Amino acid sequence: MSKFPLIVFEGIDGSGKTHHINKIKAYLKKKKIKFIILREPGGSKNSEKIRKIILGKKNNFNETTDLFLYMASRSENINLIKKNLRKKAVILDRFVDSTIAYQHYGQNLNLKLINSLNSFLLEGLAITHTFLLTINKKNLFNRINEKRKNRYDSFSDIFYKNVQKGYLKLARKKLNKYSIIDTNLDKSINEKIIIKKVHKIFNK
Ligand code: TYD
């Protein structure tokens, strides 16, 4: 496997991506492996500017405008990702699957359009592995409610259910490229599963 893999974390809001990314960060530091962590929307300087526009509390853009803004933020990131992939491991907090899950499965925007915009932007860039963090129905609503402090307040429970279903569809199509992490399990168990996989990615 790649010496400089591209590892992505996906999952609905509140699924615990940040916790596990921090664990990977500690692991990579310990192993003296060079890495960069970027989030989407955001990452590069320009992309962070776009993030502020998209996620701003006062934003009431329509869904199509949101889609183009997510893509614009990705477009500003892609060179940074490519540049770093030649010398570092790249860890992404959300990437192309977020757009498919949220904008298509959550908001019904056209899948073909999303797929072609993603392939146009990625130009063949390959994701080494994706960790999909899932949560069960009861926890899903509890955790989302805890997080509902921004513009996503207005999104319904059904929306998040559909987003998670969409993510699972994507993962089940390519199980060798995904780890589905059930975050209802003990956190420390999942930490071990994820680190074991990351270790395998670097030592194959
Ligand atoms: P953020 O606060 O970073 O959420 P989290 O910490 O859970 O990742 O907000 C990112 C939001 O943007 C999140 O609700 C998902 C959404 N999003 C999309 O709808 N489409 C996309 O393509 C991306 C990258 C994110």
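Predicted model: local features only at pLDDT ≥ 70, side-chain atom pairs only at ≥ 80, totals over all residues.
Which residues make a nonpolar surface patch of about 240 Å²? They are Leu185, Ile189 and Ile193.

Now to the inside. Nonpolar side chains in soluble globular proteins tend to be buried together. Here the largest nonpolar core has 34 residues. Leu6, Ile12, Ile81, Leu92, Phe95, Tyr102 and Leu125 have the most contacts inside that core. At least two residues each come from strand S1 (6-11), strand S2 (35-39), helix H3 (63-85), strand S3 (89-93), helix H4 (96-106), helix H5 (111-122) and helix H7 (157-173). H7 gives the largest share, seven residues. To see one member in its setting, look at Leu6: setting aside residues up to four places away in sequence, Leu6 touches Ile81, Leu85, Val90, Leu92, Phe95 and Leu125, among others. Another core, of 15 residues, lies apart from the largest one and includes Ile24, Leu28, Phe131 and Ile194.

Next, aromatic rings. The count comes to four aromatic pairs. In one of them, the ring centres of Phe159 and Tyr160 are 5.2 Å apart and the planes stand at 80 degrees; over 60 counts as edge-to-face, so this pair is edge-to-face. Phe159 and Tyr160 are both buried. Ring pairs also join Tyr102, Phe159, Tyr160 and Tyr167 into a cluster, and Tyr102 was already named among the core residues with the most contacts.

On to charges. How many salt bridges does the structure hold? It holds four, and I will go through three of them.

Asp13 and Arg94 meet through their side chains, at 3.9 Å from N to O. Asp13 is in the loop between S1 and H1 and Arg94 in the loop between S3 and H4, so this bridge ties together parts 81 residues apart in sequence. Asp13 counts as buried because its relative accessibility is 14%; Arg94, at 12%, counts as buried too.

Glu40 and Arg74 form a salt bridge at 2.8 Å, N to O. Glu40 sits in the loop between S2 and H2 and Arg74 in helix H3, so the parts tied together are 34 residues apart in sequence. Glu40 and Arg74 are both buried.

In the bridge between Glu123 and Lys82, the closest N and O atoms are 2.9 Å apart. That pair links distant parts of the chain, 41 residues apart, with Glu123 in the loop between H5 and strand S4 (129-134) and Lys82 in helix H3. Glu123 is exposed at 63% relative accessibility, while Lys82 is partly exposed at 22%.

Last, the backbone. Most residues other than glycine have a negative phi, and most peptide bonds are trans. Which two residues does a cis peptide bond join? Glu40 and Pro41, with omega at about -10 degrees. Pro41 belongs to the loop between S2 and helix H2 (45-55).

Lys32 is not a glycine, yet its phi is positive, about 55 degrees. Lys32 is in the loop between helix H1 (17-30) and S2. Is Lys32 buried or exposed? Exposed, because its relative accessibility is 73%. Arg94, from the bridge with Asp13, also has a positive phi, near 85 degrees. Arg94, however, is buried.

Conventions:
Residues numbered from 1 in each chain as written. Heavy atoms only, no water. Phe/Tyr/Trp six-rings, centres within 6.5 Å; stacked < 30°, edge-to-face > 60°. Buried < 20%, exposed > 50% of the residue type's maximum accessible area, 1.4 Å probe, protein only. Core = buried A, V, L, I, M, F, W, Y, C linked by side-chain atoms within 4.5 Å. Helix = DSSP H or I, 4+ residues; strand = E, 2+ residues; numbered from the N terminus. Contact = heavy atoms within 4.5 Å. Patch = residues over 30% accessible without salt bridge, like charges linked within 9 Å, V, L, I, M, F, W, Y side chains within 5 Å. Areas by Shrake-Rupley, 256 points an atom, 1.4 Å probe, with all protein chains shown as cover.
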